[in-house]
Amino acid sequence: MARKFYVVWEGRQKGIFTDWDTCLQQIDKFAGARYKSFKTRAEAEAAFLAGSQAAINKARPAPRKSSGKGIKTYAAAEVDALDVQTKIFTDGGCEPNPGRAGSGLAVYRDGRIDELWYGLYNPHGTNNTAELNALHEALLLAEKELARKTTVAIFCDSKYAIQSVTQWAVKWEQKGWRKPGGEIKNLALIQQIYALYMKLRKSVQVLHVNGHVGIEGNELADRMSIHCIDTREAKFARFEIPEDIKTVLVLRKG
């Protein structure tokens, strides 16, 4: 039987699914469900984006770049539609800021939550260091995924972390790791992450999403960063995923 691709525009989870059973879980007894099957992934992706774009535009202004200095923000529908096998969501938290800090990751493989990670507790951290640490761990994981010939994208809600590593560090390095007007904060950490990013950048996308807008992976990474603060986990530890992921989402958020 030829493989089909199922687009869900309105359902429990929107996106593109590669089997009917998973698609059915999203639409069964869901009021107002909208879905359709397609013969190829390309047709499904085009249809999904076309059907979602009006809602995206209505919900918020279209993301834009500012003189090459900004970064695009990806909406939930765009995250779901991105055709990569592994999606890694990162987040960092700090209470207060500066204060007790921790980092978290949520890892999806083939559209399903597969791993949760938390740790790197710092009693004297900042939100920025926590975000950078989370991005670093995501890149380390991405490196392992690439070694297995898996496609990867990283989603981070910190523009500071993304731009420090993917944009600003290039110029800082060219100027001897200096910038006009003052010191580069978190320099040693940024240098370490930047070296790894430069090694992987042709194969890994590092993309920005807004926090707390209903993107499940971002929400789960957030809960992991706060779980780290609550447990004071110094290492980066695996969190056992429960049968019902909603029990994680009801944990304290940042």
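This is a predicted model: local features need pLDDT of at least 70, side-chain atom pairs count only at pLDDT 80 or more; totals for chains, interfaces and linings use all residues.

Biologist: How many residues does the largest nonpolar core have, and which have the most contacts inside it?

Modeller: The largest one has 29 residues, and I88, L132, L135, L139, I154 and V206 have the most contacts inside it. Helix α6 gives the most to this core, with seven residues.

Biologist: What makes L135 count as being in contact with residues beyond its sequence neighbours?

Modeller: Contact means heavy atoms within 4.5 Å. Leaving aside neighbours within four places in sequence, L135 is in contact with T90, I154, A161, I162, V165 and V206.

Biologist: Now the helices: why is α4 called roughly parallel to α6?

Modeller: The axes of α4 (residues 127-147) and α6 (residues 187-200) come within 10 Å and cross at roughly 30°. Angles under 35 degrees count as roughly parallel, so α4 is roughly parallel to α6. As for handedness, α4 passes α6 in a left-handed crossing.

Biologist: Which residues meet there?

Modeller: From α4 you get T129, L132, N133, H136, L139, L140, E143 and L146; they meet L189, I190, Q192, I193, L196, Y197, K199 and L200 in α6.

Biologist: And what is the make-up of that contact by class?

Modeller: The contact of α4 with α6 has 10 nonpolar, four polar and two charged residues.

Key: Residues are numbered from 1 along each chain as its sequence is written. Side-chain values use heavy atoms; hydrogens and water are left out. Axes are lines fitted to C-alpha atoms, for helices over the stretch in contact, and angles run from 0 to 180 degrees between N-to-C directions. Helices (H or I, at least four residues) and strands (E, at least two) are DSSP runs, numbered from the N terminus. Angles under 35 degrees count as roughly parallel, over 145 as roughly antiparallel, 65 to 115 as roughly perpendicular and the rest as oblique. A crossing is left-handed if the near helix is turned anticlockwise from the far one by less than a right angle, and right-handed if clockwise. Ala, Val, Leu, Ile, Met, Phe, Trp, Tyr, Cys and Pro count as nonpolar, Asp, Glu, Lys and Arg as charged, and the others, Gly among them, as polar. A nonpolar core is a set of buried Ala, Val, Leu, Ile, Met, Phe, Trp, Tyr and Cys residues joined through side-chain atoms within 4.5 Å. Buried means under 20% relative accessible area, exposed over 50%, partly exposed in between (1.4 Å probe, protein chains only).
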